[in-house]
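Q: Can you walk me through this model? I'd like the ring contacts and the strand details.

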Amino acid sequence: MAAFSSLSWRWLLLAALLYAGLVAWYAWPLPLAVSSAFVGEPGGDANQYLWNAWNFQRQVALGHDPMRTPLLLYPPGSSLWLHTYTPVLGVLNLAVRQPYQAINLGLLLSFVISGVGAAWLAGRWVRQPLLCVLVGFAFAFSPYKLAHWPEHYHLLLTAAVPFFVAAYLAAWGFEAGRWPHLRNAWALAVATGLLLLTLLSDYYTTAGLLYFAGGYAAWWRLQLGAISWRRWQPWVVLVAVLALGHFASRGLALLGADDFGGLYWGGDLGTYLVPPLHSRWLGTAASRAFWHQPRLPVQASPENVAFLGYLVPGLVLASLVARARRPAQPGALPPLPTVLRPWPALGLLFVLLTIPELRWAGHDLLRLPTSLVHFVPFFNNIRCPTRLVMMAALLLPLLAALGLDQWLASRAAVWRWSVPLLLLAGVFVEYQIESYPLVRAADVPRAYRLAGQQPGAVLFALPLGLGDGGRQVGVFSPAQLRYQTQHGKALRGAYLSRLSAATFATFAHEPVLRTLLLAQRHPDSLALVPGPTPAELAAFGRRYGQPVFVVEPHYYQAPAHQLLRQWLLPRGYREQVVADSAGCFALLLPALGPAVQ
C-alpha cells in the first residue's frame with residue numbers, strides 16, 4: 001500500500017475513523033438502533049435490502065440455493081439472479097445472523113472503505129494528506145449517494161471502485177496510438193476479482209468501471225490528448241459528431257427503437273448546479289421550486305441528483321485553466337502526471353453519459369451521441385444514466401485536489417494546511433442533508449405479527465399486486481417484504497427486478513386474483529365481469545392451502561374486502577379486526593387456527 005500511495009497508515013486510520021463518524025452523523029439516530037432500524041421510508045425501496053439479507057441467510061440455513069426464493073411468486077418461487085439482490089449483504093448476514101445489523105454494518109463498511117480507498121488512491125499523486133481525505137469524503141459521501149441512501153442501498157456499495165481503478169492502472173501499460181498491453185498479471189487478477197465483487201453489489205457501478213476501463217484505453221489508442229483545440233478542424237469534427245448523434249438518435253426513435261426509458265430518466269444540466277431537494281444548508285425556495293417544476297420528467301426524485309457541489313467543480317475548472325497556461329505565465333500549473341492525462345476527458349465522459357439528451361430545467365435541447373447507447377441491446381439496461389455520476393464523484397475531486405496540491409507546494413506551511421482544512425469544511429457544508437427517516441422493526445403492523453402465528457404457509461394481503469420497478473399489476477408495497485421477515489409466510493405477489501411479461505400475465509389472469517385486482521382498481525366494473533366460479537374458488541384453495549388474508553386499513557370494508565368475506569366466510573374462515581396506529585386491519589383466518597389476542 002505504501003509503495004503505491006504516499007498516504008501513511010496513520011492518516012488512513014484517521015480517515016477511516018472520520019468517515020465512520022460521518023456515517024453516524026448523517027444517519028443519526030440510527031447508531032442507537034442498528035439492530036432494529038434502517039434508513040428509509042416505510043413503504044420505500046429500502047425494505048427490499050432487509051429482505052435480501054434475511055432471505056439469503058434463511059436459504060443457506062435451510063440448505064437451499066441462496067440465489068432463489070420460494071417465498072415470493074408462490075408457489076413456483078423465483079430466481080434472484082436478475083433481482084437487485086445485493087448478495088454481499090446476504091453473505092454478511094451469514095456471519096451476524098441479524099438482517100438489520102447486516103445491512104447497517106454493510107453500509108458502514110462500504111462508506112468507510114469507499115472513502116479510505118479514494119483517499120489512498122489520491123495519495124499516489126497528492127502529497128497533502130488533508131486533500132486526500134477530501135477526495136475520500138467527496139467520493140464516499142457525494143450528494144448523489146446521500147440522496148439515494150433512503151431508497152437504493154445497492155448504489156452505496158462502491159467500496160471496490162478506487163481499488164479497481166488502482167489495480168487496472170497497475171495491470172496494463174498504455175502508449176499513445178496503441179491498445180493497452182498487459183504489464184502485471186497479478187494486478188489484472190485483482191482487478192477482475194474486484195469487478196466481479198462489484199457485479200454482486202450493483203450493476204450500475206459495474207457499468208461505471210467498464211466505461212472507465214474502456215474510455216481510458218480508448219483515450220490512449222485514439223490519441224485524444226494530441227488534439228490541438230487551437231485549430232479549427234477539431235471543432236468542425238465535434239460539431240459534425242454532435243449533429244450526427246442527434247439525428248441518429250432521433251431517427252432511431254422515429255423507427256420505433258426502444259431506449260428502455262434511458263432518455264426519460266436522463267439527467268438535466270440544472271441538476272449539476274441546483275442543490276438536492278433535501279440539502280440542509282444550500283436549499284432555498286428557488287431550489288425546491290426547481291425540483292418540483294412540471295417540465296422535469298421526474299420531479300423531486302433522487303434519480304436526477306447529479307450535484308457535486310460548487311467548490312470541487314470550481315477547482316477543477318481553475319486547475320484546467322492553469323494547466324493550459326504556458327509555464328512562464330503567472331499561476332501556471334505543471335502538466336498532469338502521464339497516468340492522469342485521460343482523467344479530464346473521462347470526467348467529461350461520465351457527465352455526458354448522465355445527460356443523454358442535453359436538457360436544461362426540463363427543456364430538451366440536443367440529443368448527445370451518448371444517447372445512442374440506450375438503443376444498443378445489453379447496454380440499454382442502464383435505464384437511469386444519472387447514476388453514472390458516481391464515477392465523476394471520484395475523478396473530479398482527485399483532479400481538484402491535485403491542482404490545489406501543486407499550487408500549494410511553494411506556499412508556506414500555514415497555507416498548505418489551512419487552505420485544505422477550509423476546503424474540507426466548505427465541501428462538508430455543501431454536502432449536508434436533512435435528517436433521514438428511519439424504518440423500525442417495531443413499525444410492522446400487529447396484524448402481520450398475528451398472521452405469522454396462524455397455520456398455513458401462505459399469506460395474501462390487500463392490496464395485492466406484482467411489480468418490478470418498471471411496471472406493475474395491482475399494488476405491492478415494498479413494505480410487504482419487511483413484513484415477511486416477521487411472519488415468514490409465502491406471498492403470491494412480489495417486488496422483484498426484471499420480471500418477465502409472462503409472469504405478469506399469469507398473475508393478472510388467475511381467476512380469483514383477477515377479480516380482486518378489478519375490485520381494487522375499478523370496483524364499479526365488477527358487475528360487468530363474471531367472478532370466479534365455485535370450481536375456480538376450489539382450485540384456488542387447493543393451490544394455496546389455507547392461506548391467511550390481511551386487509552389493510554385503506555381497503556377495510558372496501559369492495560375487495562367484501563368479496564373476500566363473501567368467498568371465505570361460508571368456507572369456515574373467521575374474521576378478526578385488529579386495531580393499530582395506522583387504522584383497522586382485518587384478518588381472515590382459517591377455521592383451524594388459534595384465536596388471535
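Q: What are the ground rules?
A: This is a predicted model: local features need pLDDT of at least 70, side-chain atom pairs count only at pLDDT 80 or more, and totals for chains, interfaces and linings use all residues. Residues are numbered from 1 along each chain as its sequence is written, and side-chain values use heavy atoms, with hydrogens and water left out.

Q: Which residues does UniProt list as "transmembrane region"?
A: The unreviewed UniProt entry lists 7-28, 102-123, 130-147, 153-174, 186-212, 232-249, 305-322 and 388-408. Positions are in the numbering used here, feature names are shortened, and annotations may be inferred rather than shown by experiment.

Q: How much helix is there over 232-249?
A: Residues 232-249 are 94% helix and 0% strand, with the end C-alpha atoms 26 Å apart. Residues 388-408 are 95% helix and 0% strand, with end C-alpha atoms 31 Å apart. Helices (H or I, at least four residues) and strands (E, at least two) are DSSP runs, numbered from the N terminus.

Q: Changing topic, how many aromatic pairs?
A: The whole structure has 39. Rings of Phe, Tyr and Trp (its six-membered ring) pair if their centres lie within 6.5 Å; planes under 30 degrees apart count as stacked, over 60 as edge-to-face and the rest as tilted.

Q: Why is the F38 and Y100 pair tilted?
A: The F38 and Y100 ring planes are at 35°, with centres 5.9 Å apart, so the pair is tilted. The pair links distant parts of the chain: F38 is in strand 1 (residues 37-39) and Y100 in helix 4 (residues 99-122), 62 residues apart.

Q: Are those two buried or exposed?
A: F38 and Y100 are both buried (under 20% relative accessible area; exposed is over 50%, partly exposed in between, with a 1.4 Å probe and protein chains only).

Q: Which charged end sits over W281?
A: That of R280, 5.9 Å from the ring centre. K145 lies over the face of F139, at 5.4 Å from the ring centre. The criterion is NZ of Lys or CZ of Arg within 6 Å of the ring centre and within 35 degrees of the ring normal.

Q: What is the bridge partner of R359 in strand 7?
A: D364. Four bridges join strand 6 to strand 7 (residues 363-367), and the strands run antiparallel; strands pair if DSSP finds at least two bridges between them.
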